[in-house]
Amino acid sequence: MNDLSPDLPRLRILETWLVLTLDRVRQQIATTERREQERQRGEQARPATPDRILEGGLHRDSPPVAVHVGCPMAGTR
């Protein structure tokens with residue numbers, strides 16, 4: 001069973017469309033692979049979670065009010 005038209009000009013148009021579509025798919029694959037590699041490099045380069053954290057005051061210029069050591073809060077901000 002052949003569902004393609006025997007008309008050569010139509011087949012050429014279909015071929016052109018398929019080539020263009022395949023190029024777009026390949027470009028998207030390359031972009032996605034590049035983003036995944038960047039994400040993996042980012043995870044590998046991520047600094048270690050700090051073992052202590054300074055809790056700031058209410059205002060940006062306020063001095064620290066507490067030091068959290070071994071606290072689950074460390075590394076969450």
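**Exercise 1.** In this predicted model, work out how exposed Glu-15 is and which residue it pairs with in a salt bridge.

*Solution.* Start with the accessibility: Glu-15 has a relative accessible area of 41%, so it counts as partly exposed. Next, look for its partner. That's Arg-12, with the closest N and O atoms 3.3 Å apart, inside the 4 Å cut-off for a salt bridge. Arg-12 is partly exposed too, at 49%.

**Exercise 2.** Find out which residues are linked with Arg-39 in a network of salt bridges.

*Solution.* Take one side first: Arg-39 meets Glu-36 at 2.4 Å, N to O, and these two are 3 residues apart in helix 1. Now go the other way. Arg-39 also meets Glu-43, again at 2.4 Å, this time 4 residues apart in helix 1. Put together, Glu-36, Arg-39 and Glu-43 make up the network. As for accessibility, Arg-39 is partly exposed at 40%, Glu-36 at 32% and Glu-43 at 43%.

**Exercise 3.** Locate Trp-17 and say which surface patch it belongs to.

*Solution.* Trp-17 lies in helix 1, which spans residues 8-45. Its relative accessible area is 52%, so with a cut-off of over 50% it counts as exposed.

**Exercise 4.** Describe the fold order and the burial of the chain.

*Solution.* Count the elements: 1 helix and 2 strands, running α-β-β from the N terminus. Then check burial: of the 77 residues, 4% count as buried.

Note on methods
Residues are numbered from 1 along each chain as its sequence is written. This is a predicted model: local features need pLDDT of at least 70, side-chain atom pairs count only at pLDDT 80 or more; totals for chains, interfaces and linings use all residues. Side-chain values use heavy atoms; hydrogens and water are left out. Patches are made of residues with over 30% relative accessible area and no salt bridge: like charges are joined within 9 Å, nonpolar side chains (Val, Leu, Ile, Met, Phe, Trp, Tyr) within 5 Å. Accessible areas come from the Shrake-Rupley method with a 1.4 Å probe; for residues, only the protein chains shown count as cover. A salt bridge is a side-chain nitrogen of Lys or Arg within 4 Å of a carboxyl oxygen of Asp or Glu. Buried means under 20% relative accessible area, exposed over 50%, partly exposed in between (1.4 Å probe, protein chains only).
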